[in-house]
Amino acid sequence: MDSIANDFIGGIRLPNGTITQGKRSGRSLRRRNAVVACSFELAGMRVLDVGCADGLHSMYMAASAKEVWGIDHRASEIEKGNATAKALGIGNVSLRFGDVRDPALFKGVEKFDLAIAWGFLHRIGDIFGLLYSLAPMADAISLEWRTPIVPLLSSLSIAYHPPGNRPLDPMNIRAAGDHDPANDREKIEGNTAFWEPTPGAVKVITQRLGFVHATLIGYGERLESERKALTRHWTRHLQRANEGKERLDRLPRERVHMLFEKKQGLIAIKDLSTAGERLPPWDVALHDAVARQTTHNG
Ligand SMILES: C[S@@+](CC[C@H](N)C(=O)[O-])C[C@H]1O[C@@H](n2cnc3c(N)ncnc32)[C@H](O)[C@@H]1O
């Protein structure tokens, strides 16, 4: 059992019926990302998943894409993801160890139709470096990251550096529990928090790189609109600041999910409200989490 726990991603039903051991977070953010991954129309397409970790999103997308490449600089996650993909018989996913900032990684590699970088932008020190190196690799980029919540989010170009924030490591190793500490420690980029850009800032950078069309997929775990996210976070923030319960400069933050395209309509997104039905049956942990949530919500 121990070996199943270590070699595979936990909570997955292998074709022989075994369910792999191991804890996985049931947070709805995970479900949200799975929903988006299963909602992209990717028939015949090649996809690049930057910072893929254990490659689950790559595997969701492989159900419809022609081929998916995942890149991560955490060797233990890549090994585990490849073992899981192989055991599930998913042959069109290839997870590779590497640092995405290394130009040699993509030398001679054919351009992709879509590049995704989820949970990534706020975990690297150089946002420009990442976007500039991804731009020639694909005509569409899907980004998911943590953004400060301020009025005019989609038009203001602001990169926020959270004051007094606890150090953020780029790899979430504190949460993973199953990492290779020697390998991971080498890769952490200093004891620092990173930049959190507004959608407006990312739009300006990507526009200069030719991504003329931006689509907001949504904010937060429920993919709500900008107006809803603002109302929910910003009004409460001002109220708390007025009451002296919060610092005005410690901005509320939320996850945002966007798609940037060099030409509108390159990547179609299926109806997100029915995406739950498209989640892969082998992801038992995810289905359990959804069931628990539904029961919990009544
Ligand atoms: C917060 S995790 C997000 C994982 C996954 N994309 C998701 O949305 O669940 C960030 C991932 O990016 C990887 N990463 C960070 N910097 C990287 C770099 N320079 N090159 C390759 N991978 C990197 C980390 O190892 C980690 O697995």
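A residue counts as near a molecule when one of its heavy atoms lies within 4 Å of it. In this predicted model, local features need pLDDT of at least 70 and side-chain atom pairs count only at pLDDT 80 or more, whereas totals for chains, interfaces and linings use all residues. Residues are numbered from 1 along each chain as its sequence is written, and side-chain values use heavy atoms, with hydrogens and water left out.

Around the ligand there are 17 residues, of which Gly51, Asp72, Asp99, Val100 and Trp118 come nearest. Polar contacts here are pairs of N or O atoms within 3.5 Å. A polar side-chain atom of Arg74 is 3.2 Å from a ligand oxygen atom, a polar backbone atom of His73 is 3.2 Å from a ligand nitrogen atom, and a backbone N or O atom of Val100 is 3.0 Å from a nitrogen atom of the ligand. Of the 590 Å² of accessible area that the ligand has on its own, the protein covers 91% (Shrake-Rupley method, 1.4 Å probe).

Turning to the interior, a nonpolar core is a set of buried Ala, Val, Leu, Ile, Met, Phe, Trp, Tyr and Cys residues joined through side-chain atoms within 4.5 Å, where buried means under 20% relative accessible area (1.4 Å probe, protein chains only). The largest such core has 40 residues, and Phe40, Leu42 and Leu114 touch the most other members. A second, separate core of 38 residues includes Leu48, Trp69, Ala117 and Val202. Leaving aside residues up to four places away in sequence, Phe40 touches, among others, Met61, Leu114, Trp118 and Ile217, contact being heavy atoms within 4.5 Å.

Technical notes:
A polar contact is a pair of N or O atoms within 3.5 Å; within protein, one must be able to donate a hydrogen and the other to accept it, and residues adjacent in sequence count only if both atoms are side-chain atoms. Buried means under 20% relative accessible area, exposed over 50%, partly exposed in between (1.4 Å probe, protein chains only).
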